Amino acid sequence: MSSDLQEAPTGTVDDVAVAPPLAQRAKSMAYAAIPYVIAVLAAFVVVGVLIAVLGHDPAKAFRAVLTNSFRNETGMVQTVHKWAPLTLLSLAFAIPLGAGRFNIGGEGQMILGSVGAAAVGITMSDLPMVVLLPLVIVVGTLAGAVWAGISAWLMESFHVNEILSTVLLNFVSFEVLDYVASVVWSDPGAGGAVTLPIGDGAVLPGIGRPPMHTGVLLVLLVSVVAAVMAKRSVAGFELRAVGLNERASQLHGIRTGRVAVTSMIVAGGLAGLAGAIEVSGVHQRTLEGIQSNFLLLGIIIGLIARGSLTAVPFVAFGIAVLEVGAGSMQRVSGAPVEIVLILEGLILLFLLMSDVATERLQRARAGRSARRASATATPGAPA
Amino acid sequence: MSGIRKTFGPVVALDGVDFTVANREIHGLLGGNGAGKTTLMNVLYGLYAPDAGTVEVDGSPVTITSPKDAITAGIGMVHQNFLQVDVFTVTENIVLGTDSTKLVAPDGSTQTPAQRIAELSSRFGLTVDPGARVADLPVGVRQRVEILKALYRGAKVLVLDEPTTNLTPQEVDDLFSSMRAIVDDGMSVVLITHKIRETMEVCDRMTVMRDGRWIATVDKADTTADDLAATMIGEIAGGDAEAAALAQTAQVSLGEEELGEASLDTSSEAEPEGAAADTVTPTPARVTVRGLTVAGKGGKPLVDDVTLSLRPGEILGIAGVAGNGQGELAEALTGTRSATGSLSVDGAELVGRPTAAWLGSGVVYVPEDRQRDGILPGAGITENLVLGSHRTRAKAGMINWRAARTEAVAAIKEFSVKTPSAATPCGQLSGGNIQRVILARAFAHNPKLLLLHNPTRGLDLRSTQFVYDRVRRAASQGCVVIVISEDLDEVLALSDRVTVAYSGRLVGEFARGEANPYDLGRLMTGVGA
């Protein structure tokens, strides 16, 4: 049968666009932005009411939260120092999420990273920086990767739910940190679960005044690599494919188990790197509570970014601004710092709600045509 | 039914359809996929509320807003998927939801439900064991249970939606004689089907629908299969040559084509070559399968000792009733499920190697469940076309997406995929277009062994023709093609050789033209294997 025969019936598509035209793309991007704008505004409105009810001035509070990072260098350095672990913890959540796996163990992996980094930094404190600093960073990263690897192995070999195993290993990691900081390398003068300081060669050098530690640059590099890998690499494609349809991926030669395990281990490595950077760049030791609330914020960031590795660093920066502004807000307006966490939580909550709302709208529109398709395959009548 | 209109959003599913079933007739409701046959009957059965139009039963208008109303009005329907309680017995399933205390037999005496079922069953030749658990029954018997259910509820008009799917030819014969008995008893039957042969065999009158519209209602005596095929296809923009070609496909895909008469241009070109080679020097087999076995849970293998030898350009058809291990066999033959035994393509052994290696050797699988197994619904066409070849096309671990998009645009044109753009998520395409994307990807692999499982299920006529066309073209280029299908007509039309999957084994083997549907039917039910 001639080839013109097949083309004619379906209506030849002579001008199939490679991608939708620019105007259409801009339009769809604008549409995509609407839920974000609404979510952020709604969160601010609700929190503003809350601040007013508590008897403080919402305008003053918001001004303090939003401007603190940009008023002087100290605010900016504080912000990027927060941004670094937030970005890494968020990537540690978002990367396995791409393959449909939930890593809720970022803080445990970060703690193990900090313990690994501190262990090297303390025990080999005499080594020169060229050797010691990379060693601290690498060992911290590997420790996080191994910690996540336990969950990945349980998931792959015994079908243990990775949400459970990662969360439970967080609790184990608290005890490991406590043991290391109060027994093994405890600093007797500190009066708490704090280790001895790491050697000078293990400290990340700072730039500028007040000094910003160079771990920030490392994280910047990591986030660029992560974004490029996700978009262009085979690994990124396989990750996405597994997340979109695990069965189809497997039938087309992707080793889905291996992809999922790798994503967990990479995530653990990134969280471990965050631990190492906190040790080497910020605290010069590890201590109880080093994980802060980075896990929770990382999950919020990852979800607001909807798993897009490109969006993660930007969302993380916004959250870092809010986090750093929290203290200033309390000083200026008297509104408690916890207000900021409420704000962050509400942004996500409203975003998810607007997702459902937009989905319903879309379904109302598209569903009608879809129903026609299903009309030919209606399941049996009620008995 | 008159002037029935039903829209789903912007889509007009039914456009002013008139439909009349006379007393004591079997009325065929004929049309391709998406013609609106089932939708029309779902309106009659109260599953959809029509936007406009009226329904009359025995001359008086009725309002049907639910299946309950329909049953009260004497309308019964048997859907393609049965809604039965698996653990209940046949009797329990039939009686379920009815008032079983006061039943009046035709002679005026009272009846127990069991007596009524026994009576209906013998009157219409619908043999069932009333005490059997439904879960243990084959599809054909479960269908009888469903028909009995409708009759038990006093149906005067019985609607059967594609009832012959998954029945063997013998079971189809039984069904048709039951239908005749039902009609002789004063009731009416509507047979929804896309197979012209079935309507010609059993129907008194037939109505043809296309694109949601009534096209024609004709008496069997006044029409021929060719006329019906032409009516179903309608006018074609491409002129006579195209209409003729489509009509030919219609005959094949709609079940009209006689055995052995399948005139397949491309494969018949390949055949003399093969035949000649057989007599002189045997053509080396391209694909050799030996003892391929997939272990099952209970010790009974899912795929049992399958051995095949396939020449280049050969199309092997595997018929069979669903659930006889076809899915597992398809996966085992394409390296997507672990199996023991041996399978080699051009001498290279593949069993035990990862799926990617099979793909790399040219083993390509077009799965039955397109949405679940074939595509990444949330990803664009470009990404879906790259799936599977993403590793081989990558340089230094990076995929050149610009090149991939250009190729995707070319593939969209070549395979006539209807889509707004190459970035459109595959899940938003229609079934026919998804299959075109899957085929485009399959052929980009330069397959040496192409396995298709139910490749035209749910597709409209044009897409069906497209699939057949591509399959034959692949075979003419030396690709070994295996078609696993539950549509016996499809298997017979496409294949150079036919075998039957029964209970995980391949039983019987027929060359083109030697296969008789009844012989195949016996094998499909495990008789005479």
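1. The accessible surface of chain A amounts to about 17,400 Å², and carbon and sulfur atoms account for 68% of it. Such areas come from the Shrake-Rupley method with a 1.4 Å probe; for residues, only the protein chains shown count as cover. Chain B exposes about 21,000 Å², of which 50% is supplied by carbon and sulfur atoms.

2. The structure is a predicted model, in which local features need pLDDT of at least 70, side-chain atom pairs count only at pLDDT 80 or more, and totals for chains, interfaces and linings use all residues. Residues are numbered from 1 along each chain as its sequence is written, chains are lettered from A and ligands numbered from 1 in the order in which they are written, and side-chain values use heavy atoms, with hydrogens and water left out.

3. Confidence is expressed as pLDDT, the predictor's confidence in each residue, from 0 to 100. Chain A has a mean pLDDT of 88, with 89% of its residues at 70 or more. For chain B the average is 84, and 88% of the residues score at least 70.

4. Some stretches require caution in reading. In chain A, pLDDT stays under 50 over residues 1–15, for which the model has 29 contacts beyond four places in sequence; a contact means heavy atoms within 4.5 Å. Residues 369–383 of chain A also stay under 50, with 37 such contacts. In chain B, the stretch 256–280 stays under 50 and has 35 contacts beyond four places in sequence.

5. Chain A contains 14 helices and two strands, while chain B has 20 helices and 22 strands. Helices (H or I, at least four residues) and strands (E, at least two) are DSSP runs, numbered from the N terminus.

6. Of the 383 residues in chain A, 48% are buried; for the 529 residues of chain B the share is 56%. Buried means under 20% relative accessible area, exposed over 50%, and partly exposed in between (1.4 Å probe, protein chains only).

7. Among contacts in chain A between residues at least 6 apart in sequence, 74% join residues at least 24 apart. In chain B, residues 24 or more positions apart account for 68% of the contacts with a separation of 6 or more.

8. In chain A, the axes of helix α5 (residues 106–123) and helix α6 (residues 129–158) come within 7 Å and cross at roughly 145°. The residues in contact include A:G108, A:G113 and A:G116 of α5(A), and A:G140, A:A143 and A:W147 of α6(A). Axes are lines fitted to C-alpha atoms, for helices over the stretch in contact, and angles run from 0 to 180 degrees between N-to-C directions.

9. A:P58 lies in helix α3 (residues 58–71) of chain A. Its relative accessible area is 22%, so A:P58 counts as partly exposed. Apart from neighbours within four places in sequence, A:P58 is in contact with A:G48, A:I51 and A:A52. The C-alpha atoms of A:P58 and A:V47 are 8.2 Å apart, although 11 residues separate the two along the chain.

10. B:T382 belongs to helix α14 (residues 381–386) of chain B. B:T382 counts as buried because its relative accessibility is 7%. Beyond four places in sequence, its contacts include B:W401, B:R405 and B:A422.

11. Zero disulfides are found over all chains in a search of the whole structure; a disulfide is a pair of cysteine sulfur atoms within 2.5 Å. Regarding individual cysteines, B:C426 is buried at 0% relative accessibility, and B:C479 is buried at 3%.
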